Amino acid sequence: MRTAYCVETVRGAERELMARVAEGALMQRAAAGLAAASAELLGRVYGSRVVLLVGSGDNGGDTLYAGARLARRGAAVAAVLLTPERVHAGGLAALRRAGGRVVGAGSGTGSAAAAGVDRVEEAILRADLVLDGIVGIGGTGGLRPEAERLAGVVAESGAPVVAVDLPSGVDADTGEVPGAALRADLTVTFGTHKPGLLIDPAREYAGSVRLVDIGLDAVLPARPELEALQHADVAALLPAPGAESDKYRRGVVGIAAGSARYPGAAVLAVSGALRGGAGAVRYVGPAGNAVVSRFPETLVSDQGPHKAGRVQAWVVGPGAGDDAGTVAEVLEADVPVLIDADGLRLADLDVVRERRAPTLMTPHAGEAAALLGVAREEVEGARLKRVRELAAKYRATVLLKGSTTLVADPGGTPVRVNATGTSWLATAGSGDVLSGLAGSLLASGLSALDAGSVAAYLHGLAGRFAADGAPAGAHDVAEAIPAAWRDVRR
């Protein structure tokens, strides 16, 4: 399990650990890991040109000490001090002893004259690597004007960028990007992941992320802010039939989906459920003929959810149009219910809040925005905040779909984040497949949080396998779910 902690928790853990170890030990551990990662990215350190963008405080110190290590290995290291009056003195002294130099406003000229600016830009444009140590995890807001200007020069240079702990300008706790930010090819983060490194839009700025162990695990609390399942975690949660299993022990899922206008939504939801391991699928709705012609094993009823037969979970809403009656009938069931697509619009808030059985809602950003009464951009720019709001409002587990899928329980447990997805999943019907897959996992007995998290993980892998760099439709994604399942179990 990959975990992430908020800044306040990280700061507290660092203070506790620093009281136990020698002064400066944590910074040296961080600098050693940062220098090693930078050297690996460079390939050849000796003779390479490295530019350090150095802010104030410990983040700047980590950058300077790492620069000193690279300079001792033969790199030509130049430091640009954005706040020379607050530079980390020990780090700067170490860099100079190792043969590094300072350019620009921190070079001793005491001014931002054109000559100093020109030297800074020339150094960046000629760099083989840039270390972004402008702002640490305590930074707020976007880049300040001078830092923003330098970020533009870095982008122009095309040099690979290594962010120190996190890219400057992104919010460490929320994943929001409130203004200009510096894009990295690699982020070297210390002690633990920060939420902003796992959640878009900030995640997009981080590039690849490498975690450097500085000893924080011993003092971090057991409960993180975020969790990200890995293969082993998903494999442990996946249901597997035993020798005595029958279709009911494996889980029977009901699918109330589709309409005369959108019969394909029903077919795709059923396909996701069947490939998600359901022992049986009961379908209710007007697309029965389309479903049976594609999946003859489906148990079809035209008598409504109450008379469909025994199920262990329901999926309602994909392609349902304006069938509010079916949505209301499903919500009366005393089994777990997944609400998607049109069902989200038709579900009564008070009814959902009063349900005793688990409820899993699966909106995309536009649907979440409508449910919260905000603009879509406000959801996309503050995904962590909005998924928590929605879970609290409906007293339900919410799976917020997107480039990084978030799954939040209403009780304040760690939010799950999934990044296995691919942009090829942005295709009509993909969400219907996900709904069926998650519904089958609910029927197998997984909690709403686990069902949503595992479904998102498998769906993302299936999207990658189906596309493999080429266009793929929702049907192809459903067909690839067994391959994703096998990959996780290896």
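A: **Helix packing and local features**

Helix H19 (residues 448-467) packs against helix H21 (residues 481-489) at an angle of about 115°, and their axes are 8 Å apart. H19 is therefore roughly perpendicular to H21. The model is predicted, so local features need pLDDT of at least 70 and side-chain atom pairs count only at pLDDT 80 or more, while totals for chains, interfaces and linings use all residues. Residues are numbered from 1 along each chain as its sequence is written, and side-chain values use heavy atoms, with hydrogens and water left out.

Some terms need their cut-offs. Helices (H or I, at least four residues) and strands (E, at least two) are DSSP runs, numbered from the N terminus. Axes are lines fitted to C-alpha atoms, for helices over the stretch in contact, and angles run from 0 to 180 degrees between N-to-C directions. Angles under 35 degrees count as roughly parallel, over 145 as roughly antiparallel, 65 to 115 as roughly perpendicular and the rest as oblique.

H19 passes H21 in a right-handed crossing (the near helix is turned clockwise from the far one by less than a right angle; anticlockwise is left-handed). On the H19 side the contact (heavy atoms within 4.5 Å) is made by Tyr457, Leu458, Leu461, Ala462 and Phe465, and on the H21 side by Ile481, Ala483, Ala484, Trp485, Asp487 and Val488. By class, this contact of H19 with H21 has ten nonpolar, no polar and one charged residues (Ala, Val, Leu, Ile, Met, Phe, Trp, Tyr, Cys and Pro are nonpolar, Asp, Glu, Lys and Arg charged, and the others, Gly among them, polar).

A second pair is helix H3 (residues 57-72) with helix H4 (residues 89-97), at an angle of about 15° with axes 8 Å apart. That angle makes H3 roughly parallel to H4. The crossing of H3 past H4 is left-handed. Leu64, Tyr65, Gly67 and Ala68 of H3 meet Gly90, Gly91, Leu92, Ala94 and Leu95 of H4. The classes in this contact of H3 with H4 are six nonpolar, three polar and no charged residues.

Local features follow. The peptide bond from Asp200 to Pro201 is cis, with omega near 10°; Pro201 lies in the loop between strand S7 (186-190) and helix H7 (202-206). Ala341, a residue other than glycine, has a positive phi near 50°, and Ala341 is placed in the loop between strand S14 (337-339) and helix H13 (342-346).
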